[in-house]
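Please load the model in your viewer and keep the selection panel at hand.

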Amino acid sequence: MSSALNIVMPGERITAVEDVAKGKRIILGPGLRRVNDTVVASKAGPLKHREPNTFWVDNYQRRYVPARGDLIIGIIKAKSGDVYRVDIGSADSASISYLAFEAATKKNRPDLNPGDLLYARVLNASPDIEPELVCVNSNGKRGKLGLLQDGFFFKCSLNLGRLLLRENCPALKALTEKLPYEIAVGVNGRIWVKAHSAAETVGLANAILSLEQAGHSEIDKVCDNLGDVLQA
Amino acid sequence: MFMNANLFEPGKSKPERVFVQSAAKQNTRFDGRKTSEFRDVKLNFGADWGTVTVSMGDTMVLAQVSYDIGTPTSARPNEGTLHLNVDIKGVSYLDEAQATYDQRSLTLNSLLERTFRSSRCLDLESLCIAVEQHVWCVRVDINVLNHDGNLYDASTIATLAALMHFRRPDVSYIDDQIRTYSERERELMPLLFLHYPVSVTYCVYKSTPQPLVDPTLLEENAADSIIVLSFNSYQELCTLNAGGTAPTNVRTIMQCAHSAARRSKALVQFVRKALELDMEKRQQSKHVAGLIDLLDGSLSKFSFKRLMEQEQPMEVDAVQPSQASRAESEQKPEKMTIEEQSQAGQKPAVKDDSSWLPEGNDVTQEQQNTEQIVKENAAKNTKATKSKPNRGKNKAGKKQAAAKKQNQSDSEEEATHII
């Protein structure tokens, strides 16, 4: 990943990417768009590049756009017919079938109520139809998916969600040294945490939220602060 | 960074509610405040007279006063009018359900109407130019810019500050002709107040008897009931808005009322002080903040914590000169003792506040000859039976308030006064 900070604005023609494209086949990620023979940015933010040939714009966003295979946290909004309506922070609400849970049958329905939190996977997402969720994998097992109980839940930007989901994320690692906790992060910018006590959970949630503004260099500082808070 | 920028508001999911409930029980709040701790109130005056922004944490409200010459209503031909208009559309993205948004703005509107109009805090007769023909119509537009809980307090403070800051031009009425004097000809005139009301909001949870003051949106949404009390600077109750499902007994409401009365007084003092500083600023330099400066964080704002810190020692001196606050200074000795008691520690203070309660309950129980009723029922009955016979007393009671407060067994009477 290139570290040079190159901010692009929507509508800007990005010749740097076009130059690379002359030599080899490239992949345009989110925020970049091909218009005839030119590459144009459709979102504002730093232009990112990963070897060998992927480009994308890492813009700050809070509105989730569903994509197939994403792990997300949703809130049950209502029961309707044989599906639950789930709010996943996208423009449209998603649906999940009664049968999309482990060991669920027509007779044995899962007991979910409005307000419950669900950790689920997006089964299909297209601009024209309602996104559909599942809480089982292809073998019919739930794995880590399903109802999230107790704990605390809050919303953040999509960027922070992605930051935490990155492989060996320094923040979560540093927090682990301070206290034991459970966490579920949805790419839709929703985070569920659970620690032993309310005070610990509050501290943890605040520490994670403060990462929103912090750069990578400040992560250690935030985590140290958390330790002080918990001891006090 | 605003936590509520997503479609679904905080505090709507079950884990959040359960968590806030249990945290309230353990005296923990998400932003690290104590149950009885307020967020800092920041006040900012705009270039125009009567333009104010108030922010409490992430909550931000803009109030703007405008005026017009119109005709009075036939019912009150010698009074000007005060119109309050709440616009909550700025945060309508908060919930997709139209119902919530409508209900929210209706509640807010009715609270403001009752606090400022029904309590007759403005001397509307002074706004009359010619009886039955011309009066000043004062209009306050309240714009909610961001909602992180406690819109009630933010908007009442903003409205009060805007009305106090507002200046209208002088007019004369000769031979059926209105003449409006410009600022150069005659000095602008402030509005005349009879009293200064401000509201204080509490959240009540079923899990704990201790109410949370100045709730954030998360706490507000997770709350079982919300109590809004408006007091004026003379510690008279103007509005009581108690809704929701949590069983609230008289003890809780009284406890809230006591601290709300103190808080309101401090808030009014804060607004006065901020106004004074603003006047100084205006006299010194021509440059005053525009709208962008108003909303921007860069401008130095009048912060409640900072201003009132200095205020504490000179509180007595500052208050006494004003003629209107005579009643206040009479109450002073008694109130100081309450404050001392509450400073001595939370538990004793709570006990002290409620020491009258068992008596109160006994009285009502005797009156009704009912036994074995649960405490909550008792509380409800207290309200129901006492409110009517004492209504006449209430009006007279206001003036006697100072006298009443002097003896220690006052609280019971005060309860009837408030309820």
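The stops below describe a predicted model.

**Whole chain.** Begin by selecting chain A and displaying its C-alpha trace, which spans about 60 × 50 × 30 Å along the principal axes. Of the 232 residues in chain A, 34% are buried. For contacts in chain A between residues at least 6 apart in sequence, 63% join residues at least 24 apart.

**Domains.** Next, colour chain A by its division into domain 1 (7–57), domain 2 (71–148) and domain 3 (152–231). How far apart are the centres of domain 1 of chain A and domain 3 of chain A? Taken over C-alpha atoms, these centres are separated by 32 Å.

**An annotated segment.** Now select residues 151–198 of chain A, which an unreviewed UniProt entry lists as "domain: K Homology".

**The contact between chains.** Finally, display chain B together with chain A and select the residues at their contact: 22 residues from chain A and 19 residues from chain B. On the side of chain A that touches chain B, β13 (152–155) and α4 (198–210) of chain A each supply at least two residues. Colouring that side of chain A by residue class gives 10 nonpolar, six polar and six charged residues.

Notes
Residues are numbered from 1 along each chain as its sequence is written. Chains are lettered from A and ligands numbered from 1 in the order in which they are written. This is a predicted model: local features need pLDDT of at least 70, side-chain atom pairs count only at pLDDT 80 or more; totals for chains, interfaces and linings use all residues. Two residues are in contact if their C-beta atoms, placed from the backbone, lie within 7 Å. Helices (H or I, at least four residues) and strands (E, at least two) are DSSP runs, numbered from the N terminus. Ala, Val, Leu, Ile, Met, Phe, Trp, Tyr, Cys and Pro count as nonpolar, Asp, Glu, Lys and Arg as charged, and the others, Gly among them, as polar. A residue is buried if 20 or more other C-beta atoms lie within 10 Å of its own, exposed if 12 or fewer, and partly exposed in between; C-beta atoms are placed from the backbone. Domain bounds come from an automatic or database domain assignment. UniProt positions are given in the numbering used here, feature names are shortened, and annotations may be inferred rather than shown by experiment.
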